[in-house]
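Hi,

Here is the structure I promised to pass on. Please open it first, then read my notes below.

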Amino acid sequence: MSLLSIRLFGDPVLRLRAGEVTDFDDALRRLADDMLQTMREADGAGLAANQVGVLKRLFTWEAGDEHGAFVNPEVLETSEEIQEGDEGCLSFPGLFYPTKRPLRVSLRINDVHGEEHKIESATPLQARIFLHELDHLNGILFIDHLARHDRKEAMRRIRNGELEHPRPRPEGEPPPA
Ligand SMILES: [Zn+2]
């Protein structure tokens, strides 16, 4: 396995739509393994292929004891109930802002062998991660969901060069995705 380099905000690949995966081959499984390792090394909760410069509909995630690699994910349903909480992103190291997300989501996914599964988020954190990563595959970033004043502040901090490169996560801060 090898560590991949995580693209930061400003890299155009983060604004592109990733393409459907059609070949469930060893190269895909190697990419998923590398992404999982890269995500863990960066102390993240999720990582989409766009974030390592690969335009394939694939993301990895980890929350508590559970982790996975989801291919060609599609949202089947989201709850009307909303959760609010701080969210961060490995492509915006050091930035965390309150971000509204549905409390629950169900997905249709393929695993890395091409088998189809229906997935229900087991926790609000899982729902948040799944929806954050799905956004990445469509070129959408968490700053797009922020309240106007938070978004302005985030853009100002980015312009000032405040995106911190990988750093230890302070206690109590949620894992970025
Ligand atoms: Zn992210």
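Leaving aside residues up to four places away in sequence, Leu-58 touches Val-21, Leu-31, Ala-32, Ala-49, Ala-69 and Val-71. Contact here means C-beta atoms, placed from the backbone, within 7 Å.

Some ground rules. This is a predicted model: local features need pLDDT of at least 70, side-chain atom pairs count only at pLDDT 80 or more, and totals for chains, interfaces and linings use all residues. Residues are numbered from 1 along each chain as its sequence is written.

Buried means 20 or more other C-beta atoms within 10 Å of a residue's own; exposed means 12 or fewer; partly exposed is in between; C-beta atoms are placed from the backbone.

**The whole chain**

The chain has three helices and seven strands. Helices (H or I, at least four residues) and strands (E, at least two) are DSSP runs, numbered from the N terminus. The order from the N terminus is α-β-β-β-β-β-β-β-α-α. The radius of gyration is 15 Å, close to the 16 Å of the globule rule for 177 residues, so the chain is as compact as a globular protein of that length. That radius is taken over C-alpha atoms, and the rule is 2.2 Å times the number of residues to the power 0.38. Of the 177 residues, 35% count as buried. Among contacts with a separation of 6 or more, 70% are between residues 24 or more positions apart.

**Backbone points to check**

Asp-43 is not a glycine, yet its phi is positive, near 60°. Asp-43 lies in the loop between H1 and E1. It is partly exposed, with 14 other C-beta atoms within 10 Å.

Asn-72, also not a glycine, has a positive phi of about 45°. Asn-72 sits in strand E3. It is partly exposed, with 19 other C-beta atoms within 10 Å.

Gly-161 follows H3 and has a positive phi, near 75°.

Best wishes

How values were computed: Contact = placed C-beta atoms within 7 Å.
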